[in-house]
Amino acid sequence: MTFDPNAAAAPDSGVFGLATPKDRCLVRLIPVPFEATTSYGGGASRGPAGIFEASKQVDLFDIETGRPYEAGIWMDPPSKKILALNARAKNEAAKVIAAGGADGDPKLEKARAAVDRASEDVDAFVYREACAALDDDRVVGVVGGDHATPYGLIKAISERVPGVGVLHIDAHADLREAYEGFTWSHASIMFNAVTRLPGLGRLVQVGVRDFCEEESDRIKRSKGRIKTHFDADLAARRHAGETWGAQCRRIVKDLPGEVYVSFDVD
């Protein structure tokens with residue numbers, strides 16, 4: 001059957017309604033339905049499935065790039081192992097979050113450790129999948145899940161592209177150390193990236209508006225490795241007459257030539 005980019009997506013089609021086989025796709029998306037450390041609200045683990053279904057309602061033609069879908073975009077089926085890890089880890093994490101942290105309590109410490117182990121398993125899974133795809137010359141993306149999920153991909157990229165920068169678009173800085181006791185918390189993704197990945201270059205954050213004093217101090221002490229464009233400052237500059245286009249050009253100047261983009265929906 002001939003693929004018609006103007007037609008409605010077929011029921012059995014892939015992401016964006018595409019039918020390109022996995023081995024012929026330039027872009028590979030890894031769904032990671034994991035949200036164990038989410039500290040307010042929930043539902044991020046349903047994100048990959050929701051994005052997959054919603055993508056089929058998106059028209060494929062793009063006014064700027066034309067027909068990017070022709071390069072091929074593939075999204076893996078969600079891993080049953082990750083889904084099972086999420087269910088178990090969320091149950092353990094809920095006990096710790098409800099208590100405001102483990103605080104030395106043996107049962108809560110056991111639960112906290114179980115969540116960290118599950119998160120490490122998720123990181124290892126993403127890292128393995130990302131390495132395989134990158135070694136196959138694919139452009140790789142992670143679809144979460146909470147914001148801790150892309151760590152394995154950032155690690156894989158930083159090993160292959162020394163000095164790679166991160167463009168981090170988020171309401172939060174995510175620079176907390178072991179938030180609520182969880183080493184791999186969603187609120188610690190960028191802390192872990194800049195402290196554990198020596199191949200990572202500059203972290204450039206955009207739109208941050210909700211952060212703690214610890215994170216502010218970490219940004220100031222980074223000697224320029226972390227550059228944060230706070231939402232309040234961006235708004236004040238626009239009010240003073242700076243255009244959004246000028247702001248984007250100023251932000252991009254802070255980045256190296258190779259960049260990983262991380263976008264958190266807040």
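Start at the second largest pocket, which holds about 370 Å³ of space. Select F3, A8, A9, A10 and G17: of the 21 residues that line this pocket, these are the closest to its centre. A pocket here is an open set of points on a 1 Å grid over the protein atoms alone, where a 1.4 Å probe fits, with protein on both sides within 12 Å along at least five of seven lines; lining residues have an atom within 4 Å of a point. A volume is the space filled by probe spheres set on the points, and grid points are joined across faces, edges and corners. Colour the lining of the second largest pocket by class and you get 12 nonpolar, five polar and four charged residues. For these classes, Ala, Val, Leu, Ile, Met, Phe, Trp, Tyr, Cys and Pro count as nonpolar, Asp, Glu, Lys and Arg as charged, and the others, Gly among them, as polar.

Before moving on, note that this is a predicted model, in which local features need pLDDT of at least 70, side-chain atom pairs count only at pLDDT 80 or more, and totals for chains, interfaces and linings use all residues. Residues are numbered from 1 along each chain as its sequence is written, and side-chain values use heavy atoms, with hydrogens and water left out.

Now select F16. Its phi is near 60 degrees, a positive value in a residue other than glycine. F16 sits in the segment before β1 and is partly exposed, because its relative accessible area is 26% (buried means under 20%, exposed over 50%, partly exposed in between, with a 1.4 Å probe and protein chains only).

Next, show the strands. Strands (E, at least two residues) and helices (H or I, at least four) are DSSP runs, numbered from the N terminus. Look for an open sheet of three strands in the order β2-β1-β3, with parallel pairing. Its edge strands are β2 (73-75) and β3, each pairing on one side only. From one strand to the next, the twist averages 20 degrees (axes are lines fitted to C-alpha atoms, and angles run from 0 to 180 degrees between N-to-C directions). Zoom in on β1 (residues 27-32), which pairs with β2 over three bridges; strands pair if DSSP finds at least two bridges between them. Here L29 stands opposite M75.

Follow β3 to its end and stop at G144 and G145. The peptide bond from G144 to G145 is cis, with omega near 20 degrees. G145 belongs to the loop between β3 and α4 (151-160).

What lies nearest the centre of the largest pocket? Select D146, H147, F263, D264 and V265 to see, among a lining of 44 residues. The largest pocket holds about 1,200 Å³ of space. β3 gives the most to its lining, with six residues, while α1 (47-55), β3 (139-144) and β7 (259-263) each supply at least two. By class, the lining of the largest pocket divides into 21 nonpolar, 14 polar and nine charged residues.

Stay with β7. Which of its residues are on the covered face? They are Y260 and S262, whereas V259, V261 and F263 make up the uncovered one. In a regular strand the side chains alternate between the two faces of the sheet.

Last stop: the cysteines. C212 is buried, with a relative accessible area of 15%, and C248 is partly exposed at 29%. The structure holds zero disulfides, a disulfide being a pair of cysteine sulfur atoms within 2.5 Å.
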